[in-house]
Amino acid sequence: MISLDIETSGLDIEKCGIFQIGALEIESNKEFFGEAKIDDSDLILDEALKVTGKTENEFRDKSKQSQRQMLEKFFNFVENAKTKTILCQNPQALDIPIIAIKAKKYGLKTPFHYRAFD
């Protein structure tokens, strides 16, 4: 089972980006952490700036990997996990859908089951 937490540039799953992914494979205690720049087309909501304490420049930092690269690394982490079930807060409303939307945008296949626990 994988404990997952993501940070986004807002709660609009169609328009916002993912800038951090943190995960822990519970059985093996292996960790994943990735931070990326959000796409130029991604929306940054004022609420996300307040909650994260980040600036728009930090969200769009060109020295960071792309969201696609971060997702590819995260999906590789998940592929190697014994159980691909996700444990996170609010999985059906935010985490799983926004990851699926970004994966589709970049032509990536999500490696985990769509079974998730809140």
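Q: How many of the 118 residues count as buried?
A: Of the 118 residues, 46% count as buried, where buried means under 20% relative accessible area, exposed over 50% and partly exposed in between, with a 1.4 Å probe and protein chains only. This is a predicted model, in which local features need pLDDT of at least 70 and side-chain atom pairs count only at pLDDT 80 or more, while totals for chains, interfaces and linings use all residues. Residues are numbered from 1 along each chain as its sequence is written, and side-chain values use heavy atoms, with hydrogens and water left out.

Q: What is the order of elements from the N terminus on?
A: The order is β-β-β-α-α-β-α-β-α-β, which comes to four helices and six strands. Helices (H or I, at least four residues) and strands (E, at least two) are DSSP runs, numbered from the N terminus.

Q: And which residues have the most contacts inside the largest nonpolar core?
A: They are Leu4, Ile21, Phe74, Phe75, Ile99 and Phe112, in a core of 26 residues. E1, strand E2 (18-25), strand E3 (30-37), helix H3 (67-79) and H4 each supply at least two of its residues. A nonpolar core here is a set of buried Ala, Val, Leu, Ile, Met, Phe, Trp, Tyr and Cys residues joined through side-chain atoms within 4.5 Å. There is also a second, separate core of five residues, including Phe19, Ile38, Ala48 and Phe59.

Q: What is leucine 4 in contact with, leaving aside neighbours within four places in sequence?
A: Its partners are Ile21, Gly22, Ala23, Phe74, Ile86, Leu87, Cys88, Asp95 and Ile99; contact means heavy atoms within 4.5 Å.

Q: Changing topic: where is threonine 83 found?
A: Threonine 83 sits in the loop between H3 and strand E5 (86-87).

Q: Why does threonine 83 count as partly exposed?
A: Because its relative accessibility is 26%, threonine 83 falls in the partly exposed class.

Q: What does threonine 83 touch, not counting residues up to four places away in sequence?
A: Threonine 83 touches Met1, Ile2 and Glu27. Its C-alpha atom is separated by 8.3 Å from that of glutamate 25, which is 58 residues apart along the chain.

Q: What are the dimensions of the C-alpha trace along its principal axes?
A: The trace spans about 35 × 25 × 25 Å.
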